[in-house]
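Visitor: I am new to protein structures. Please pick one part of this model and give me a close look at it, then show me what lies around that part.

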Amino acid sequence: MSETEKAAAKRKRATFGVVFLTIFLDMVGFSVIFPLFPAMLDHYLARESALGGGMLTDFVLSLQGLAFEGNSQNEAFRFETVIFGGALGSLYAILQFFFAPIWGRLSDKIGRRPVLMFTLAGTCLGYGLWIFAGGFWILVLSRILGGMASGNLSVATASIADVTSRKSRSKGMAFVGVAFGLGFIIGPALGGFASQWSWGNGEDAVFGLNPFSLAALISFCLALINWLWLAFSFKETLPKEKRGSGNEPRPAIFQLRSVKSAAVSNTCLAYLCYMISFSGMEFTLTFLAVERFSYDPIQIAKMFLLIGVTLIFAQGFFVRRFVGKIGEKRMALMGIFIGLFAFAMLSSIQGENWFFFALFLMSTGVAFISPTLTSLTSLYSSEQDQGFHLGVFRSSGSMARAIGPLIAGLIYFKYGSSIAYLAGALFLLFPAWILFRVPQPKTNQ
């Protein structure tokens with residue numbers, strides 16, 4: 001191997017390492033808060049009650065008239081807790097949706113490294129605020145900063161596209177999928193573990209330690225390590241001669257209509273439709289497990305562990321090994337139909353063994369879809385539009401994660417789990433129909 005090839009290989013490894021940690025931390029930041037929702041609601045409500053009320057108290061009171069009655073199988077669930085969790089999760093996802101195209105287009109113009117440096121600093125600041133979120137509005141502010149910064153997923157993904165050939169693009173995107181899967185495992189586990197140790201109650205001060213400060217501190221330390229690694233090891237992956245011109249149109253909130261490539265538009269639309277269904281089913285899994293099998297938090301953690309391990313294995317092994325033979329489009333369609341079958345099973349099964357088998361199929365389906373659709377978007381993009389198109393792609397997924405859980409939660413509480421999961425299965429016919437219209441790109445470059 002020549003010195004030039006060695007330097008290129010070293011640069012590629014450094015890029016993959018930084019991108020892996022960046023995406024992993026974004027997923028941790030999104031999911032670490034999931035197991036904390038009930039305790040957070042109780043904590044901040046008690047704080048505001050002691051101080052005479054506040055924005056959270058007003059929000060919960062406004063929900064009292066919305067809870068559905070007459071659905072006995074869901075009487076054990078606190079409706080306001082579900083909406084509280086859905087609102088915080090949706091806030092994070094909506095901001096990803098707003099900012100993914102913006103960071104992506106900006107990185108096409110000025111390079112990946114400065115945008116990643118800036119957004120990762122924002123991630124650190126968001127976690128730093130959460131450490132001292134004595135008041136509820138500080139927690140909200142920290143989620144706003146975290147959501148804005150996490151729009152850098154498009155930039156991180158574009159960096160992988162910059163250093164991989166078209167032929168190996170899907171393998172690189174499968175590596176991105178492993179980071180998602182690992183973050184999905186570590187995030188909720190980290191939140192549940194750290195909540196066992198409380199450093200303060202934050203009952204009086206707006207800024208102060210709270211029962212969730214340890215989870216925030218661990219996340220902050222990981223984000224700081226990521227920023228330092230980026231500062232010292234990450235080299236720019238987009239040369240100046242390959243960057244977009246400065247007179248390109250400014251990105252709008254949602255740029256799907258601005259994408260000139262029909263193949264890219266259809267891929268992004270298919271991802272949007274798929275993630276609406278998947279994120280909604282994913283959000284209600286906890287309630288389904290409690291409703292049918294009376295699972296406690298430890299059993300629920302094992303359930304998510306199975307999902308995360310399946311994601312890692314399917315993307316890290318199966319996709320990387322076979323996507324070249326099967327093709328991105330066919331593998332994505334396989335994932336959609338596997339997911340459809342899994343959701344249909346979850347709508348009716350009562351046995352635990354079949355339940356876990358359906359979870360395995362569900363995880364395999366999304367493992368096939370995410371890296372292959374990302375790769376299709378990248379393969380149909382020019383070097384000048386990689387960041388922008390991948391930003392639109394990621395923002396489509398973020399918008400789906402914002403609206404999917406709320407829609408699924410409302411259907412679940414109104415009509416029950418069977419109808420909710422059957423509706424999720426039937427909805428997957430839409431992304432399948434859209435994806436049939438996307439051609440398989442040539443990757444022999």
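Guide: Let's begin with helix 7, whose buried residues are Leu153, Ser154, Val155, Ala156, Thr157, Ala158, Ser159, Ile160 and Ala161. Helices here are DSSP runs of H or I with at least four residues, strands are runs of E with at least two, and both are numbered from the N terminus. Buried means under 20% relative accessible area, exposed means over 50%, and partly exposed is in between, with a 1.4 Å probe and protein chains only. Helix 7 covers residues 153-162, and because nine of its 10 residues are buried, the helix is largely enclosed by the rest of the structure.

Before we go on, keep in mind that this is a predicted model: local features need pLDDT of at least 70, side-chain atom pairs count only at pLDDT 80 or more, and totals for chains, interfaces and linings use all residues. Residues are numbered from 1 along each chain as its sequence is written, and side-chain values use heavy atoms, with hydrogens and water left out.

Now look at Asp162, which counts as partly exposed because its relative accessibility is 22%. Its side chain meets that of Arg112 in a salt bridge, 2.8 Å from N to O. This pair links distant parts of the chain, since Asp162 is in helix 7 and Arg112 in helix 5, 50 residues apart. A salt bridge means a side-chain nitrogen of Lys or Arg within 4 Å of a carboxyl oxygen of Asp or Glu.

Arg112 has another partner: it also forms a salt bridge with Asp108, with the closest N and O atoms 2.8 Å apart. Arg112 has 0% relative accessibility, so it counts as buried. Asp108 is buried too, again at 0%. Together, Asp108, Arg112 and Asp162 are linked in a network of salt bridges. By the same rule, the count for the model comes to three salt bridges.

Rolling a probe the size of a water molecule over the atoms shows where empty space is left. On a 1 Å grid over the protein atoms alone, a cavity is a set of points where a 1.4 Å probe fits but cannot get out, and lining residues have an atom within 4 Å of a point. Among the lining residues are Leu25, Tyr92, Thr123, Tyr127, Ser142, Arg143 and Gly146.

The expected span of a helix is 1.5 Å times one less than its number of residues. For the 14 residues of helix 6 (136-149) this gives 20 Å, and the end C-alpha atoms are 20 Å apart, which agrees.

Helix 6 also holds Leu141, which is partly exposed because its relative accessible area is 31%.

How values were computed. On a 1 Å grid over the protein atoms alone, a cavity is a set of points where a 1.4 Å probe fits but cannot get out, and a pocket is an open set with protein on both sides within 12 Å along at least five of seven lines; lining residues have an atom within 4 Å of a point.
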